[in-house]
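Good morning, colleagues. Please have the sequence and the model open while I speak.

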Amino acid sequence: MSQPAPMITKDGRFAYEAAGDPDATPLIFLHGIGGAARAWRQQLARFGTQFRAIAWDMPGYGGSAPLANVSIAALADALQQFIEQLGATGPVLVGHSIGGMIVQKWLTQSPKLARAVVLAQTSPAFGKADGDWQKSFIAARLGPLDRGETMKSLAPSLVKELVGDDPDPKGMELARECMGSVPEASYRAVMLALIGFDQRSSLKDITIPTLLLSGSKDNNAPAPMMAKTATFIPSAEYVELPGVGHLANLERPDAFDEAVGRFLNSLANVG
């Protein structure tokens, strides 16, 4: 797998990796809470033949500067600034997990700027701050850090909990490496930023082509929830990957790429 040299935007705020013709349609990948730009390297290699494939390090991750105050809205603002720094017009955005939440929030601010979006293993809402499920979710992830564990020591168990059947060994190695490299402060801040996120009322306003991609074994963004979400988006297509957990692009990269590739090809046919 090729390893593109990390790049930095002109303002010095965002680190990213990219592949493909700079003049091609931008295809921007946004990782999840335990990810990094490098988690998308197979996708950059695969789609860089047709697009300007780009993966950012979310603010506070990798070489990207942290935000003073972290919220989904602030991350969506940062995404817009990243797109402007790149000069990326008419991009297609692929958001995984919290990356998909950022894309949803960004769409409310910039509904016509994207050509299309892929919402991969994500949710339109996290729920109320005082909800039992929400509190237990946060406690399960931050509790071990409170007790003195580190991201590196937690990475193997965190990744194992996220994946489905027979994940790709190289993908799992990269997943553990990405998770273990996340700064604890960034992990905590982004985890807490989930609280109160709710874009359900905005789904009907997404008018661009949209692919919702789920894994049948995903416990974080369950497939039935994603299938239901798709019914509220006027131009949505829904695809479920059997046996896949929450890290589809690393667990089953070929299946993930095939599903995304079919969607992208359908855009070309329509356009």
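Leaving aside residues up to four places away in sequence, Gly-127 touches Gln-134, Ile-195, Gly-196 and Phe-197, where contact means heavy atoms within 4.5 Å. The model is predicted, with pLDDT of at least 70 required for local features and 80 or more for side-chain atom pairs, while totals for chains, interfaces and linings use all residues. Numbering starts from 1 along each chain as its sequence is written, and side-chain values use heavy atoms, with hydrogens and water left out.

Gly-127 sits in the loop between strand E6 (116-120) and H4. Helices (H or I, at least four residues) and strands (E, at least two) are DSSP runs, numbered from the N terminus. Between Gly-127 and Asp-198 there are 6.6 Å in space, C-alpha to C-alpha, although they are 71 residues apart in sequence.

I turn now to helix packing. Two packed helices are described by the angle between their axes and the distance between the axes. Axes are lines fitted to C-alpha atoms, for helices over the stretch in contact, and angles run from 0 to 180 degrees between N-to-C directions.

How do H4 and H7 cross? The axes of helix H4 (residues 132-146) and helix H7 (residues 184-193) come within 11 Å, at a crossing angle of roughly 160 degrees. That makes H4 roughly antiparallel to H7; the classes are roughly parallel under 35 degrees, roughly antiparallel over 145, roughly perpendicular from 65 to 115, and oblique for the rest. The crossing of H4 and H7 is left-handed, meaning that the near helix is turned anticlockwise from the far one by less than a right angle, with clockwise giving a right-handed crossing. On the H4 side are Phe-137, Ile-138, Arg-141, Leu-142, Leu-145 and Asp-146, which meet Glu-184, Tyr-187, Arg-188, Met-191 and Leu-192 of H7. These contact residues divide into seven nonpolar, no polar and four charged. Here Ala, Val, Leu, Ile, Met, Phe, Trp, Tyr, Cys and Pro count as nonpolar, Asp, Glu, Lys and Arg as charged, and the others, Gly among them, as polar.

For helix H2 (residues 72-86) and H3, the axes are 8 Å apart and the angle is about 75 degrees. That makes H2 roughly perpendicular to H3. Their contact includes Leu-79 and Ile-83 of H2 and Met-101 and Trp-106 of H3. By class, the contact has ten nonpolar, two polar and two charged residues.

H5 and H6 also pack with axes 8 Å apart, at about 135 degrees, and are therefore oblique to each other. The crossing of H5 and H6 is right-handed.

On a 1 Å grid over the protein atoms alone, a cavity is a set of points where a 1.4 Å probe fits but cannot get out, and a pocket is an open set with protein on both sides within 12 Å along at least five of seven lines; lining residues have an atom within 4 Å of a point. The largest pocket holds about 850 Å³ of space, a volume being the space filled by probe spheres set on the points, which are joined across faces, edges and corners. Its lining has 46 residues, with Ser-97, Met-101, Asn-220, Ala-221 and His-246 nearest the centre. The lining divides into 26 nonpolar, 16 polar and four charged residues.

The largest cavity has a volume of about 40 Å³. Its lining residues include Gln-104, Pro-124 and Met-226.
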